[in-house]
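Reader: Could you take me through this structure one feature at a time, giving the general idea before the particular case?

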Amino acid sequence: MRYGIVIDTKRCFGCNACTIACKQKNGTPSGVFWNRVYVNEVGSYPTVRREYTPALCMHCDIPACVAVCPTGASYKREDGIVLVDQNKCVGCRYCMVACPYNARYFDNGSSEGYFPGKGLVAYETAQQLGKIKGTVSKCTMCADRIAVGEEPACVQTCPTKVRVFGDLDDPNSEISKLIVARGGYQIHPELGTNPSVYYLRG
Amino acid sequence: MTTSTVSVKKVNPVLIVAILLALAGIGVWVYQLIVGMQATGLSQQIVWGLYISAFFTAVGAGAALLALTGVSEFVPLFQATNRARNLCLALSSFIIGAMLIALDVGNPLNIWRVMTAFQLSSWMTWDFWLLVIAGVVALVYLLVARNNRTQKVLGILGILAGIAVVVVEGWMLSSQAARPMWGSGMTVATFLLGAAIAGLSIALIAGLGGEAVPSWLKIALGLSLVLVLVEVLTSLVGSGEEAGLILTGFISPAFWLQVIVGLLAPIVLLVLKKFGWLAGILALFGVLTEKVWVLAAGTSIPWMPGPQGIYSPSLVEIVAVIGMVAIGVLIYRLLILIFKV
């Protein structure tokens, strides 16, 4: 089994519901985005359009971040999900140097909340419990939701069904069929990490 | 009635300055432990800065001092009477490097995990253990070298350990596919040359240079000048983005400081045979600035859409690094006293 996500960029209109759902679910601090939507302008006047590229940790099959981690804090599960054990993380940030996808964030100790100068609201305080300053964090593919049979929050919340979650190793899964039928591609496959997030365009 | 004369020993002003700077460094370290790494100029894009640059410089210097002391068993470089002190310098440099790593990691309480995890897929693990081995070799070598005896076997071990540490540190960067600027193979070469410059410079500053060291340093600086230009030209061959950053972008001050202050100026001083100690300080500073621009330019441009990262060291970083160097000076004096060399 190898969990993955297919992202159909043709369906994305840049509402960022996935970004917000991720933040609500995971309580990431201000300025930290485990999920984000990149916006790009293509074409030239008068045929200009905006392209949206939702992105998250690529949960690579050959994760560069895991290979360089000196403490084993970054690891890949048998189901393909790449996680960080913050209790083991020393905060050396070698994984961030190795990751080409800007998927990792370092908690630099800033306690600035979403309302500067007002301190943390109760929700923010609750979300920060158990998180260790000075360590690295990233998208978990909502492993806790998957464990109880649910889809990742970003997949579940998308109003235009941009994202499809499933098992890449199962040729009969919806995502495997989509990749084959519509020529799914990975971002920067030349880097040799074999990402588990595929994109569909056009 | 008898009279007694009390002789007041003059305290070395260098030590007083070192103690003050060390206290300042410890002070900002405590401050950084309280507020976290936000005290640095690092960002989510550029995650290695002055601390890691200084670490590479210090460890490179220590490794070079160890290796070059070994070389001195075979060719006339360091005088036999200076070898023990050069090894004290090497050990002090390694200790400075260790303190800089403790400064750089966000969660220093977890450093012990690097020792117990044995993640051999990580070059950082190899770096750690090779550094430990180099430290042990330097210590054993020092114990033997105190008697000014020739130790060819330890010399060879020192050469191997010193080179291995620097090669692995260069490879730590070169092996990252996500950082094409480091992947040209030049990084390992510049690390080796930078280490040699740093080691020779420290020997010169400490007055342990002898006659051969200025000549060796002059050659190393000349080679480094060529390599730096080749490295920049290599990055021009690719997208050219990194070369733009290095030559005219946010990190260009570090590059030009290296070329003018850290390479050309010491070469001139060494050619004129004046102010050798100053040439050493400038050359050492040049190695540090080279690491800063190599790290910042190599990580500045993201693969994903988004703005490039920028970096300039914060005052906390600068004071902390100076403080660690000052602690290194004190440790060096302490090692000289302990080992009576």
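Reader: Which conventions should I keep in mind?

Author: This is a predicted model, in which local features need pLDDT of at least 70 and side-chain atom pairs count only at pLDDT 80 or more, while totals for chains, interfaces and linings use all residues. Residues are numbered from 1 along each chain as its sequence is written, chains are lettered from A and ligands numbered from 1 in the order in which they are written, and side-chain values use heavy atoms, with hydrogens and water left out.

Reader: How should I read a nonpolar core, and which residues touch the most other members of the largest one?

Author: A nonpolar core is a set of buried Ala, Val, Leu, Ile, Met, Phe, Trp, Tyr and Cys residues joined through side-chain atoms within 4.5 Å; buried means under 20% relative accessible area, exposed over 50%, and partly exposed in between, with a 1.4 Å probe and protein chains only. Here the largest core has 130 residues, and B:W48, B:L100 and B:W293 touch the most other members. Helix α2 of chain B, residues 50-71, supplies the largest share of this core, 14 residues; helices (H or I, at least four residues) and strands (E, at least two) are DSSP runs, numbered from the N terminus. A second, separate core holds 35 residues, including A:W34, A:L83, A:C99 and A:C154.

Reader: What does B:L100 contact, leaving aside neighbours within four places in sequence?

Author: Contact means heavy atoms within 4.5 Å. With those neighbours set aside, B:L100 is in contact with B:Y51, B:A54, B:F55, B:A58, B:V321 and B:M324.

Reader: How do I read the interface, and how many residues of each chain are in contact?

Author: Buried area is the accessible area (1.4 Å probe) that two parts lose on being put together, summed over both. In this model 35 residues of chain B are in contact with 40 residues of chain A, and the two chains bury about 3000 Å² between them, 58% of it on carbon and sulfur atoms. On the chain B side, B:Q44, B:W303 and B:M304 lose the most area to chain A, together 23% of what that side buries.

Reader: How many salt bridges does the rule find across that interface?

Author: A salt bridge is a side-chain nitrogen of Lys or Arg within 4 Å of a carboxyl oxygen of Asp or Glu. Across the interface of chain B and chain A the rule finds one; B:D104 forms a salt bridge with A:R93, and their closest N and O atoms are 2.8 Å apart.

Reader: Where does the cis peptide bond occur, and which residues other than glycine have a positive phi?

Author: The cis peptide bond joins A:Y45 and A:P46, with omega about 5°, and A:P46 sits in the loop between β2 (36-42) and β3 (49-55) of chain A. Residues with a positive phi include A:N16, near 65°, and A:N102, near 50°. A:N16 belongs to the loop between β1 (3-8) and α1 (17-26) of chain A, whereas A:N102 is found in the loop between α3 (94-98) and β6 (104-106) of chain A.

Reader: Is A:S196 buried or exposed?

Author: A:S196 counts as buried because its relative accessibility is 0%. A:S196 lies in the loop between α7 (174-182) and β9 (197-200) of chain A, and its contacts beyond four places in sequence include A:R2, A:M58, A:D61 and A:L168.
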